[in-house]
Amino acid sequence: MSNALPDRNQQANAPNPSSHWRRWLLGSLKMIVPLAIIGFLLYQISDEDWQRLRECNKNWWMLAAAFGIALTAWSISFVRWYLLVVALEIPFRLRDAFRLGFLGFMFNFVSLGVVGGDFFKAIFIAREQQTKRAEAVATVIVDRMIGLYALLVVTSVGIYWGAFEDPSAEVLAICRITWLATGIGGVAILVVLLPGVTNGAVTQRLGNLPKVGPLLERVITAVRMYRRRPMTLVAIAGMSLLIHCLVVFSLHLIANSTVPTPATLSEHFVIVPLSMVAGALPLTPAGLGTMEAAMDYLYGQVSSGEGAETWGLLVALVYRMITIAVAVVGAVVYWTSRREVAEVMAAAESQVAEQASAD
């Protein structure tokens with residue numbers, strides 16, 4: 001009988017049950033908390049308001065149009081990512097951009113672990129690009145950054161266009177913070193596009209920063225290549241603005257097809273982007289709960305419609321059902337490529353575990 005101790009590498013690579021349960025518990029909380037928020041908000045709606053909603057006429061054709069417009073917006077976002085990838089001379093097919101886009105959309109909702117939609121897409125495309133892994137991962141990061149900044153731009157324009165009278169101190173503060181963030185983001189983009197910032201000593205110093213250094217270096221590498229393709233950047237910027245405008249139109253149609261006294265289009269250009277900014281915060285899966293809470297609050301603060309404080313949550317919930325319907329498409333894609341997706345998920349979980357043990 002051998003009394004040799006187990007190899008240290010085997011011990012290091014052995015699964016850690018406590019780590020698994022921590023990730024599972026964290027994922028469960030990420031779902032329980034937003035559902036609790038929505039439940040609390042629904043509890044605040046009176047029986048009289050529910051009755052008014054049931055009695056009002058529903059425009060199902062308009063609701064179908066809202067679904068089509070929202071689906072178009074997300075499809076354009078997949079094409080935007082495709083352009084970002086091929087601009088870096090990475091072999092990539094448009095159908096793969098849609099396949100991974102729908103899968104990432106689904107994982108934003110259903111992933112109970114640490115692997116969200118963006119992380120899954122980054123791992124998947126990096127796995128297929130042995131020589132350009134850093135650039136492949138950078139496309140996902142740049143795509144998210146462009147989307148968020150375009151959302152801030154649409155929000156700022158919507159606030160200026162809406163010009164609602166006598167806003168509350170809270171709404172006024174939100175508007176000023178949004179304008180400030182948009183301005184700072186614009187200056188940051190202009191600075192990053194300057195050749196001297198993304199070359200030489202600056203890049204080296206940023207790349208040596210602890211934890212975030214490698215991430216920043218990947219983004220800077222991609223920016224250097226994108227800077228040589230100005231027309232691609234113009235097209236991507238235009239697509240990003242169009243995406244968020246389409247989402248506003250979609251929610252405007254949802255409101256007009258479901259609730260008795262919806263907000264106006266100009267009011268929706270204030271309410272929706274601000275709510276989406278709240279939903280973009282990485283607090284809950286796909287912004288579940290945070291977006292609904294923000295829209296519930298802003299509808300009461302911005303909308304001039306009678307009883308507006310009631311309808312924001314309901315409009316947000318109908319929009320959420322549309323997003324879940326789109327996530328079902330991702331579930332179908334997952335079913336057709338279960339083994340490949342399982343391998344990528346295992347690789348992603350392994351990378352997170354290695355990073356956690358290194359920290």
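Helix α8 (residues 169-193) has 25 residues, which at 1.5 Å a residue should span 36 Å, and the 36 Å between its end C-alpha atoms agrees with this. The expected span of a helix is 1.5 Å times one less than its number of residues. Helices here are DSSP runs of H or I with at least four residues, numbered from the N terminus. The model is a predicted one, in which local features need pLDDT of at least 70 and side-chain atom pairs count only at pLDDT 80 or more, whereas totals for chains, interfaces and linings use all residues. Residues are numbered from 1 along each chain as its sequence is written, and side-chain values use heavy atoms, with hydrogens and water left out.

The buried residues of α8 are V171, C175, T178, T182, G185 and G186. Buried denotes under 20% relative accessible area, exposed over 50%, and partly exposed the range in between (1.4 Å probe, protein chains only).

Two helix pairs are described next. Axes are lines fitted to C-alpha atoms, for helices over the stretch in contact, and angles run from 0 to 180 degrees between N-to-C directions.

| Helix pair | Angle | Axis separation |
|---|---|---|
| α4 (residues 60-86) and α11 (residues 230-258) | about 165° | 8 Å |
| α12 (residues 265-280) and α13 (residues 290-302) | roughly 150° | within 8 Å |

Given their angle, α4 and α11 are therefore roughly antiparallel to each other, a label applied to angles over 145 degrees. Their crossing is left-handed, that is, the near helix is turned anticlockwise from the far one by less than a right angle; clockwise would be right-handed. The residues of the contact of α4 with α11 comprise 19 nonpolar, eight polar and one charged. In this division Ala, Val, Leu, Ile, Met, Phe, Trp, Tyr, Cys and Pro count as nonpolar, Asp, Glu, Lys and Arg as charged, and the others, Gly among them, as polar.

A73 lies in helix α4 and, at 0% relative accessibility, counts as buried. In helix α11 is T258, which counts as buried at 10% relative accessibility. The side chain of T258 reaches the backbone oxygen of I254 at 2.6 Å.

The loop between α4 and α5 (94-110) contains E89. This residue has a positive phi of about 60° although it is not a glycine. With 52% relative accessibility, E89 counts as exposed.

The second pair, α12 and α13, is therefore also described as roughly antiparallel, but its crossing is right-handed. For α12, 16 residues at 1.5 Å a residue should span 22 Å, and its end C-alpha atoms are 22 Å apart, which agrees. This helix is mostly covered, with twelve of its 16 residues buried. Among them are E267, H268, F269, V270, I271 and V272. The buried set of α12 also includes P273, L274, S275, M276, A278 and G279.

V277 is likewise found in helix α12, yet at 28% relative accessibility V277 counts as partly exposed. The C-alpha atoms of V277 and T155 are separated by 8.6 Å, while the residues are 122 apart along the chain.

Methods
Helix = DSSP H or I, 4+ residues; strand = E, 2+ residues; numbered from the N terminus. Parallel < 35°, antiparallel > 145°, perpendicular 65-115°, else oblique. Polar contact = N/O pair within 3.5 Å; in protein donor to acceptor, adjacent residues only side chain to side chain.
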